[in-house]
Amino acid sequence: MEHAGFDLAMIGLLALICQWLAWQLKLPAILTLLVAGIAAGPVTGLLNPDALFGELLFPLVSLAVAVILFEGSLTLNFRELGGHGRTVRRLVTWGALITGVIGTVAARLLLDLSWEMASVLGALLVVTGPTVILPMLQTLRAREHLTQILRWEGILIDPMGAIGAVLVYEFVALGSGGEAATHTLALFGQTALIGFGLGIAGGYCWGLMLRHHWLPHQLHSFGTLMLMLTLFTVSNQLFHESGLLTVTVMGVWMANMRGVPTRPIIEFKETLSVLLISGLFLLLAARLTVEQLALLSWPAWVFLLVLVAIARPLSVWLCTLGSGLAWREKTLLAFISPRGIVAAAVASLFALRLEEEGMPGAEMLVPVTFLVIISTVVSQSLLSRPLARWLGVQRPSPNGVLIIGANAVARQLACTLRDAGVSVVLADSSWDAVQLARNEGLTTYYGDPLSEHAAQHLELSGIGYLLPISPYRELNDLAALHFEHLLGRDRVFRLAVDEGRRGNRPQGQALDHLPLLFGRDVTFAKLSRLVAEGGEVRLERCGEKFRMEPQRQAHAGRWLPMLCIGPAGRLRIATGETGLSPKRGDTLISLVFADSPKHSLQTVASPI
């Protein structure tokens with residue numbers, strides 16, 4: 001028992017190291033987890049999941065896959081699908097079907113699998129998933145509409161592709177006993193009936209309970225998880241292997257049911273998902289054997305080539321007919337299709353079950369799927385950015401602004417930036433503040449900007465700067481540390497803290513290398529007080545004779561220059577270390593205090 005406890009602790013520590021390493025290298029965590037699992041399993045033999053968990057391995061993998069599919073389906077909001085164009089809808093429907101059919105035929109001809117097993121493999125490999133796409137898009141900087149297409153395809157195809165894979169698996173598993181075709185179809189229909197019936201009923205009833213707050217708020221997330229797992233096991237008891245379909249349908253129903261507060265549930269699953277995904281992929285990769293890896297001969301590599309060089313380009317070309325996309329843009333879309341978490345997890349689960357049933361070829365599912373995952377993630381993470389640059393479909397250096405906070409100060413600054421032509425996004429967990437910002441026509445994100453949900457849904461395309469203007473100093477500091485890794489040290493700022501509170505900063509000296517936003521003594525309390533007393537954030541066009549000191553004197557010193565926008569759109573932000581030196585043609589944004597004389601919001605040409 002003590003040895004097993006030590007192994008579990010080491011698995012957790014290894015998972016943490018893999019997650020940190022992926023964060024440092026700006027790679028999807030799935031890659032480091034799979035490589036570490038293979039090294040700990042078939043390469044060195046240090047980790048043997050079957051010996052460690054015994055008969056519990058199968059139920060644990062099954063429950064973990066159910067949680068992953070349920071979490072993915074909770075993000076499938078059909079209203080979002082309708083807002084991102086015909087191309088996205090085609091890619092997640094017809095594109096997935098084309099990829100699945102080509103993958104099935106290739107698996108049958110190249111890997112010598114039966115049509116049943118080839119169809120399972122083909123269905124598994126249509127999904128990409130946001131956990132591998134989104135980190136890639138953050139460094140790719142493709143044109144905004146290409147980023148949107150890839151982002152929403154990754155989010156939507158994950159649960160939709162999982163539903164298709166489950167249905168194909170059900171058909172193959174039910175037909176493996178040699179029953180007549182009509183009997184097999186009847187059993188397949190029974191599985192679909194139970195899966196959709198229990199999923200819809202469970203999602204609707206639980207949605208009503210959450211909507212009417214019949215359960216204490218603190219039990220919403222825990223209760224949802226327990227009900228989902230209960231329905232999963234009950235569904236499997238009623239009919240073999242219908243549970244995955246049940247939980248997926250339940251999640252989709254809740255995501256599209258009005259008035260159901262799913263956000264806290266999604267936020268709760270983040271830590272759970274990181275734990276499950278990290279442990280799951282280490283264990284699944286460690287279960288690979290030398291014999292399975294030996295199956296990856298040249299036909300497996302040719303199969304991989306067919307998926308990435310034929311299936312993906314053909315599906316993109318057909319799905320983008322009439323879209324207006326140029327061939328260069330289509331080429332980038334055709335290149336990017338890394339496989340991810342759902343493919344690996346579901347492949348391992350299906351392989352376990354099909355091997356127990358004695359299905360020939362089941363041993364090929366896991367090694368081929370892992371080959372596709374590792375190859376696509378590595379090659380596309382390394383080559384997508386040079387390809388986008390060569391094709392000329394990269395956006396220029398991003399000059400948009402992400403503001404942490406949607407309070408009165410942040411809203412005034414955001415409105416002025418928007419009027420100056422700068423794209424701006426406000427992130428806040430206060431619903432009232434977000435609503436006020438939306439009423440002013442500002443782009444917002446409601447929730448924790450550091451959460452996993454934000455990583456998937458906070459739109460960062462075009463964002464190049466972070467301005468932390470939240471009343472919560474811990475959030476400001478953590479946001480600066482978090483986004484410094486994504487945006488760069490010279491584009492992330494920290495907000496000054498009152499003298500009496502500086503010694504209590506939890507991050508200590510970790511932020512001292514970041515510039516102080518707007519000035520050394522410019523705290524949120526000061527900005528908030530000035531705005532509350534009638535201060536205004538103003539926009540001024542700098543003429544030929546504009547000078548800073550006369551302008552300061554004209555405002556009687558009650559004037560805080562905040563940033564300049566150059567003619568090319570590049571921002572120069574005032575800091576505690578460097579001031580501002582506006583040039584001819586610049587746009588100056590500043591905070592004018594309440595009792596200062598009123599000046600024009602347009603061109604200000606102060607005398608020399």
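This is a predicted model: local features need pLDDT of at least 70, side-chain atom pairs count only at pLDDT 80 or more; totals for chains, interfaces and linings use all residues.
**Entry: the parallel sheet**

I started with the strands around that bridge. Strand S1 covers residues 400-404, and S1 pairs with S4 in the parallel sense over five bridges. Stepping back, I found four strands in an open sheet, ordered S3-S2-S1-S4, with parallel pairing. At the edges I noted strand S3 (443-446) and strand S4 (463-468), each of which pairs on one side only. From one strand to the next, the twist averages 20°.

Then I went over to the S3 side. S2 and S3 also pair in the parallel sense, over four bridges. There I picked out Ala427, whose bridge partner in S3 is Tyr445. I traced the path between these strands too: S2, H20 and S3 make a right-handed β-α-β unit.

**Entry: helices on the sheet**

Next I looked for helices lying on the sheet. Helix H19 (residues 408-419) packs on it and touches S1, strand S2 (424-428) and S4. The direction of H19 makes about 165° with that of S2. Helix H22 (residues 473-487) lies across S1 and S4, and H22 runs at about 165° to S4.

**Entry: rings**

How many aromatic pairs does the structure hold? I found one. The partners are Trp431 and Tyr446, edge-to-face, with 5.0 Å centre to centre and 65° between the planes. Trp431 sits in helix H20 (residues 431-439) and Tyr446 in strand S3, so the pair ties together parts that are 15 residues apart in sequence.

Arg491 lies over the face of Tyr465, at 4.5 Å from the ring centre.

**Entry: Val422**

I clicked on Val422, which lies in the loop between H19 and S2. Is Val422 buried or exposed? Its relative accessible area is 7%, so I wrote down buried. Leaving out residues up to four places away in sequence, I listed what Val422 touches: Asn399, Gly400, Val401, Leu417, Ile565 and Leu571. I also looked at Arg570, which is 148 residues from Val422 along the chain, yet their C-alpha atoms are separated by 9.3 Å.

**Entry: the antiparallel strands**

Ile565 and Leu571 came up among the contacts of Val422, and I followed them. Ile565 stands opposite Leu571 in S7. S6 and strand S7 (residues 571-573) pair in the antiparallel sense over three bridges. Their hairpin has five residues between the strands, and in it Gly569 takes a positive phi near 90°.

S6 has another partner in my notes: six bridges join S6 to strand S8 (residues 587-592), and the two run antiparallel. One example is Leu563, whose bridge partner in S8 is Ile589. I checked burial as well: seven of the seven residues of strand S6 (residues 559-565) are buried, so S6 is largely enclosed by the rest of the structure.

Why did I note helix H7 (residues 115-124) as largely enclosed by the rest of the structure? Because eight of its 10 residues are buried. Among them are Met117, Val120, Leu121 and Leu124.

Leu121 turned up again when I checked Thr369. Thr369 has its place in helix H18 (residues 365-391). At 0% relative accessibility, Thr369 counts as buried. Setting aside neighbours within four places in sequence, I found Thr369 in contact with Leu121, Leu125, Ala343, Ala344 and Ala347.

**Entry: positive phi**

Last, I looked at some backbone angles. Most residues other than glycine have a negative phi, and I noted two cases that go the other way. Asp112 has a positive phi near 60°. Asp112 is in the loop between helix H6 (85-110) and H7, and at 64% relative accessibility it counts as exposed. His213 is not a glycine either, and its phi is positive at about 55°. His213 lies in the loop between helix H10 (181-211) and helix H11 (220-238). Its relative accessibility is 54%, so I put His213 down as exposed.

Terms used:
Residues are numbered from 1 along each chain as its sequence is written. Side-chain values use heavy atoms; hydrogens and water are left out. Two strands pair if DSSP finds at least two bridges between them. Axes are lines fitted to C-alpha atoms, for helices over the stretch in contact, and angles run from 0 to 180 degrees between N-to-C directions. Contact means heavy atoms within 4.5 Å. Rings of Phe, Tyr and Trp (its six-membered ring) pair if their centres lie within 6.5 Å; planes under 30 degrees apart count as stacked, over 60 as edge-to-face and the rest as tilted. A charge sits over a ring if NZ of Lys or CZ of Arg is within 6 Å of the ring centre and within 35 degrees of the ring normal. A crossover is right-handed if, with the strands pointing away from the viewer, the path from the first strand over the helix to the second runs clockwise. Buried means under 20% relative accessible area, exposed over 50%, partly exposed in between (1.4 Å probe, protein chains only).
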